[in-house]
Amino acid sequence: MIRRTMIWVMAALLFGCQQKKEEPQPMNVDTTKVHKKVIYQVFPRLFGNTNTTNKPWGTLEENGTGKFSDFTEKALEEIKNLGVTHIWYTGVPHHALVTDYASQGISPDDPDVVKGRAGSPYAVKDYYNVNPDLADTVENRLQEFKELIARTHNAGLKVLIDIVPNHVARNYEGNSTPTGLEAFGASDDRTVTYARNNNFYYIPDSDFKVPVWENGYLPLGGADHEMSDHEFVEVPAKWTGNGSRAAQPKMNDWYETVKVNYGVRPDGSYDFESLPESYDQEDFKTHYEFWQDKSVPDSWVKFKDIALYWLEHGIDGFRYDMAEMVPVEFWSYMNSHIKMKNNEALLVAEVYQPTLYRDYIRKGKMDYLYDKVELYDSLKHIMQGHGWTDHIPKVLEGLQDIEHHMLHFLENHDEQRIASPEFVGNALKGMPAMVVSATSTTSPTMIYFGQEVGEAGAENAGFGQPSRTSIFDYIGVPSHQRWVNDKNYDGGQLFDDEKKLRDFYRRLLNFTVASEALMGTYQDIHYFNKDHTEGYDHKVLSYVRWSDAEKLIITTNFHDGDSRVFELKIPQEIIKEWNLDEGTYPVVDALYGSEKEMAVKNGIGKLDITLNPLESFIFVVK
């Protein structure tokens with residue numbers, strides 16, 4: 001309650017100051033001319049769940065679950081109006097879970113190899129069907145998802161789902177695999193550790209053993225379950241998803257999954273043809289042709305068939321989990337086949353090693369990679385008070401040749417919620433970082449459902465720890481539920497600070513998808529102002545963006561308790577590039593509509609700035 005009150009007071013101070021001088025509505029923009037992409041990540045299991053019980057390790061009946069049908073026309077319209085272009089439905093493929101659907105013909109899953117009650121969305125059990133939790137009628141679940149795809153398209157949004165190439169559920173079955181295709185592992189030779197066309201790696205003559213549970217952990221929190229007996233039959237044992245070769249993995253291994261074999265021998269050498277170095281300059285059509293006369297491992301073909309299957313059902317792209325754990329040649333094969341089917345398919349991947357970025361973009365034909373270890377980590381440090389904005393221009397400079405391909409975010413299911421005490425404990429502290437994340441490059445922006453209303457992820461759901469909204473258990477998401485408002489999707493129960501935060505996100509994201517300048521040129525003016533501007537410091541960041549039709553001056557204050565007053569200077573080379581003569585020019589803030597004048601004198605632009613704590617301006621030069 002104390003933390004909530006402190007946030008409200010800060011919100012009142014910040015937004016009160018802004019609204020006093022910012023009565024005008026956001027600048028009119030033509031949202032039919034979409035430039036930047038904005039991806040909205042959402043768990044259907046959590047999105048429409050209005051149950052507030054939140055019992056640790058609670059069952060579906062106790063804690064509730066969302067459904068595909070919760071994404072009504074109204075809900076999708078509101079997501080679109082937030083400034084979103086793509087929606088990533090997370091946890092759609094049928095993954096292992098503890099809820100019993102045996103009466104609907106679905107085999108039960110053993111809690112000893114399932115994380116949480118609702119299960120990990122990254123332990124897929126059947127790639128050709130969808131999570132039964134999400135259906136109103138389990139037998140009709142695939143059709144219900146197809147109807148959601150159609151509703152999403154009708155709302156003007158494109159659809160992404162997950163493909164998890166590195167691993168599948170330990171009990172993968174693939175019961176919905178189409179006639180003529182085989183499920184993973186169906187024809188494997190299990191007497192050997194490795195064979196090129198085996199889908200899994202084996203530990204011959206060894207039976208799988210459940211991990212030794214430590215530190216008081218027990219599956220389902222120790223609740224009784226007929227299958228929770230510390231046993232799971234797997235003969236012979238398989239390698240675990242994170243690469244463990246032990247028949248009994250550790251409890252911190254990805255024990256609920258098994259690693260997929262892509263033709264990488266146990267010694268790390270490749271059992272397939274490598275791409276020529278020059279192929280980093282070739283387009284997806286050339287990559288597609290390269291593989292036409294090549295023999296490739298069986299797992300490659302299986303995942304390609306899965307991707308094409310979902311494209312046939314109307315999916316517009318994929319988010320690939322832990323893509324760097326799979327050889328780049330596979331991605332060349334996979335993604336070139338996808339692009340030949342739909343050259344506008346959006347392909348997003350987790351790659352956390354900067355040394356791999358360029359290969360996975362250029363050779364692997366990824367559209368976008370997570371920009372975590374560069375921009376996200378830098379912004380997080382600044383938000384937490386032990387980083388300087390001086391680092392941001394250096395990060396952007398280092399990624400300049402691939403900046404368009406680096407997906408920006410401040411939250412996703414893997415990262416701590418901004419409002420959690422473990423991050424910064426205040427969703428408002430994400431506002432300047434969000435401006436930088438959304439406007440500093442031409443890359444897409446991603447937000448995580450609930451981020452726009454300051455969700456704190458404080459619930460103890462069962463498996464895992466608070467600070468991240470649980471992806472493993474049935475749980476309600478309190479701030480988001482206030483926006484859902486008994487499925488009216490109108491924010492009717494939001495607190496005032498949550499409403500104002502969502503309004504900020506709406507203004508910012510709608511501007512980004514319409515701005516031509518944000519697909520144009522970037523130039524840092526931060527260091528110029530640090531050297532020449534009194535009152536400007538390492539917790540302020542400024543830069544300019546422009547196109548032929550639009551010129552932007554962006555400045556933001558990461559101080560959460562101090563205002564900054566200074567005369568922002570625009571260097572001569574930029575004024576010259578913008579063809580501005582001596583004189584004054586009106587500038588209008590794209591977020592809240594406040595107006596100022598920029599003076600150009602002796603070739604330098606000068607703009608008097610007062611930045612309140614956590615305030616940002618995106619000035620459009622008229």
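Trp57 counts as buried, because its relative accessibility is 15% (buried means under 20% relative accessible area, exposed over 50%, and partly exposed in between, with a 1.4 Å probe and protein chains only). This is a predicted model, in which local features need pLDDT of at least 70 and side-chain atom pairs count only at pLDDT 80 or more, while totals for chains, interfaces and linings use all residues. Residues are numbered from 1 along each chain as its sequence is written, and side-chain values use heavy atoms, with hydrogens and water left out.

**Backbone spots to look at**

- Most residues other than glycine have a negative phi, and most peptide bonds are trans.
- Trp57 has a positive phi, near 60°, and sits in the loop between helix H2 (44–47) and helix H3 (60–63). Helices (H or I, at least four residues) and strands (E, at least two) are DSSP runs, numbered from the N terminus.
- Lys365 also has a positive phi, near 60°, and its place is in the loop between helix H9 (357–362) and strand S12 (368–370).
- At 13% relative accessibility, Lys365 counts as buried.
- Between Val235 and Pro236 the peptide bond is cis, with omega near -5°. Pro236 belongs to the loop between strand S7 (202–203) and strand S8 (237–238).

**The eight-stranded sheet**

- Eight strands form an open sheet in the order S15-S16-S17-S22-S19-S20-S21-S18, with antiparallel pairing (two strands pair if DSSP finds at least two bridges between them).
- Its edge strands are S15 (521–524) and S18 (564–570), each pairing on one side only.
- From one strand to the next, the twist averages 30°; axes are lines fitted to C-alpha atoms, for helices over the stretch in contact, and angles run from 0 to 180 degrees between N-to-C directions.
- Inside this order, strand S17 (residues 551–557) pairs with strand S22 (residues 616–621) in the antiparallel sense over five bridges. Phe619 in S22 is the bridge partner of Ile553.

**The largest pocket**

- The largest pocket has a volume of about 970 Å³. A pocket is an open set of points on a 1 Å grid over the protein atoms alone, where a 1.4 Å probe fits, with protein on both sides within 12 Å along at least five of seven lines. Grid points are joined across faces, edges and corners, and a volume is the space filled by probe spheres set on the points.
- Of its 36 lining residues (those with an atom within 4 Å of a point), the closest to the centre are Lys115, Phe463, Gly464, Ile471 and Phe472.
- The lining divides into 13 nonpolar, 14 polar and nine charged residues. Ala, Val, Leu, Ile, Met, Phe, Trp, Tyr, Cys and Pro count as nonpolar, Asp, Glu, Lys and Arg as charged, and the others, Gly among them, as polar.
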